[in-house]
Amino acid sequence: MDKHSRIFVAGHNGLVGSAIVRLLQSQGYSSIILRTSKELDLRNQVDVQKFFLAEKPDYVFLAAAKVGGILANSTYKAEFIYDNLLISANVIDASYRSGVKKLLNLGSSCIYPKLAPQPMKEEFLLTGLLEPTNEAYAIAKIAAIKLCRYYNEQYGTNYISLMPTNLYGPGDNFNLESSHVLPALIRKFHLAKLAMNGRLNEVESDIRKRAVGFGLDLSLMSVNEILSKLGILKDRIILWGTGAPFREFLYIDDLAEAALHLMQRYDAAAIGELLNVGMGKDLKIKELAVLVQQEVEVEGEIEFDSSKPDGTPRKFLDISKLKSFGWIPTTSLKDGIRKTYDWYLKN
């Protein structure tokens with residue numbers, strides 16, 4: 001890649017894509033190709049083929065996907081598998097047909113079996129049953145990995161697949177119905193802080209600015225009723241699950257740096273079928289909740305609702321292969337949470 005290469009970032013408005021664009025711009029790449037979902041529906045094969053043949057990108061970052069937390073994955077299974085299969089298939093095939101030099105496909109750690117040995121190595125793919133709550137999404141992501149591998153084998157393409165752990169940071173989704181755990185905790189504790197300090201007008205403003213999901217509507221319910229439905233009470237905050245599962249979290253700008261590092265320096269022949277990208281350490285959800293509570297600076301007891309699902313007991317990636325390629329993360333979880341909360345307050 002040189003500074004004048006034509007680079008298409010698919011999904012540039014999302015958490016991952018926006019971080020990659022920020023990094024590329026900061027390093028002086030001058031020909032970044034961007035399209036919103038309204039301008040180009042990546043599920044439409046004909047439109048995607050036309051776009052690639054017209055724009056002729058040299059490099060592609062495939063960061064576009066339909067994503068969400070446990071509830072969204074469980075509720076919209078058909079959409080999650082259909083949309084993600086079409087997006088990856090169309091972009092990967094169009095890249096081949098238009099002569100793209102290199103493609104980087106971004107997946108997810110949910111591709112690994114629910115009960116995989118920990119930490120999870122790349123070779124554990126397809127060695128056991130998937131976690132049911134995100135099986136649809138995982139199958140689509142596994143299909144994308146295999147597409148890249150088989151296009152490399154049959155057509156001699158240079159497509160690499162990165163499997164990041166749980167990501168968070170500026171630009172995240174804070175809708176409590178569809179977000180992942182860390183941004184959901186930040187939003188929930190922030191609303192609790194406002195409510196416990198009697199700042200209900202600011203709670204109302206926050207809810208109007210960013211919908212909370214679950215069909216909760218200020219035109220139909222009072223602020224206090226919505227807070228109660230969200231598990232935000234006068235003296236405590238109720239969170240989903242038991243708090244016992246372990247999770248690993250990687251700050252989004254670190255992921256962008258890893259992606260660019262590998263795109264610039266390593267080909268598919270060196271990386272193999274897929275490569276884990278993670279933090280190298282994990283913690284329990286209940287420990288994460290305490291960290292977020294401290295950063296948001298809100299009092300109140302944390303209570304867990306064990307009637308709600310936990311998901312996979314542990315998802316901890318082995319990143320020894322990544323380290324051998326000369327990259328390690330630099331943002332601590334505490335610093336990352338602080339930066340993400342600061343972004344939330346300003347945006």
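Student: Which atoms come together at the start of helix 2?

Tutor: A polar contact is a pair of N or O atoms within 3.5 Å; within protein, one must be able to donate a hydrogen and the other to accept it, and residues adjacent in sequence count only if both atoms are side-chain atoms. Here, a side-chain oxygen of Asn44 comes to within 3.2 Å of the backbone nitrogen of Val46, at the start of helix 2. Keep in mind that this is a predicted model, in which local features need pLDDT of at least 70 and side-chain atom pairs count only at pLDDT 80 or more, while totals for chains, interfaces and linings use all residues. Residues are numbered from 1 along each chain as its sequence is written, and side-chain values use heavy atoms, with hydrogens and water left out.

Student: How are the helices and strands themselves assigned?

Tutor: They are DSSP runs, numbered from the N terminus: H or I over at least four residues for helices, E over at least two for strands. Helix 2 covers residues 45–55, and Lys56, with a positive phi near 50°, follows it.

Student: Which residues of helix 2 are buried?

Tutor: Buried means under 20% relative accessible area, exposed over 50%, and partly exposed in between, with a 1.4 Å probe and protein chains only. In helix 2 the buried residues are Val48, Gln49, Phe51 and Phe52. Seen down the axis, they fall within an arc of 160°, so they line one face of the helix. The arc is that of the directions from the helix axis to the C-beta atoms. Val46, Lys50 and Ala54, on the other side of helix 2, are exposed.

Student: What covers the buried residues of helix 2?

Tutor: Contact means heavy atoms within 4.5 Å. The covering elements include strand 1 (6–10), strand 2 (31–33), strand 3 (59–62) and helix 4 (77–98).

Student: How many aromatic pairs are there?

Tutor: Rings of Phe, Tyr and Trp (its six-membered ring) pair if their centres lie within 6.5 Å; planes under 30 degrees apart count as stacked, over 60 as edge-to-face and the rest as tilted. The count comes to 11 aromatic pairs. One of them joins Phe8 and Phe52, edge-to-face, at 5.7 Å centre to centre with 85° between the planes. That pair links distant parts of the chain, since Phe8 is in strand 1 and Phe52 in helix 2, 44 residues apart. Phe8 is buried at a relative accessible area of 1%, and Phe52 is buried at 0%. Another pair is that of Tyr96 and Tyr155, whose ring centres are 4.1 Å apart with planes at 20°, so the pair is stacked. It also links distant parts of the chain: Tyr96 in helix 4 and Tyr155 in helix 5 (residues 135–155), 59 residues apart. Tyr96, at 28% relative accessibility, is partly exposed, and Tyr155 is partly exposed at 36%.

Student: Which residues do ring pairs link into a cluster?

Tutor: Phe8, Phe51 and Phe52 are linked in this way.

Student: What does Ser95 touch?

Tutor: Ser95 lies in helix 4 and is buried, with a relative accessible area of 0%. Leaving out residues up to four places away in sequence, Ser95 touches Phe52, Val60, Val100, Leu103 and Tyr159.

Student: Where is Met163 found?

Tutor: Met163 is in strand 5 (residues 159–164) and counts as buried at 0% relative accessibility. Not counting residues up to four places away in sequence, its contacts include Asn105, Ile145 and Leu317.

Student: How many disulfides does the structure hold?

Tutor: A disulfide is a covalent bond between the sulfur atoms of two cysteines. The cut-off used is a pair of cysteine sulfur atoms within 2.5 Å. The structure holds 0 disulfides. For Cys110, the nearest cysteine sulfur is that of Cys148, 16 Å away, too far for a bond. Cys110 is buried at 5% relative accessible area, and Cys148 is buried at 1%.

Student: How does the span of helix 11 compare with the span expected?

Tutor: The expected span of a helix is 1.5 Å times one less than its number of residues. Helix 11 (residues 285–296) has 12 residues and reaches 16 Å from its first C-alpha to its last, close to the 16 Å expected. Its buried residues include Ile285, Leu288 and Val292. Glu297, with a positive phi near 65°, follows helix 11.
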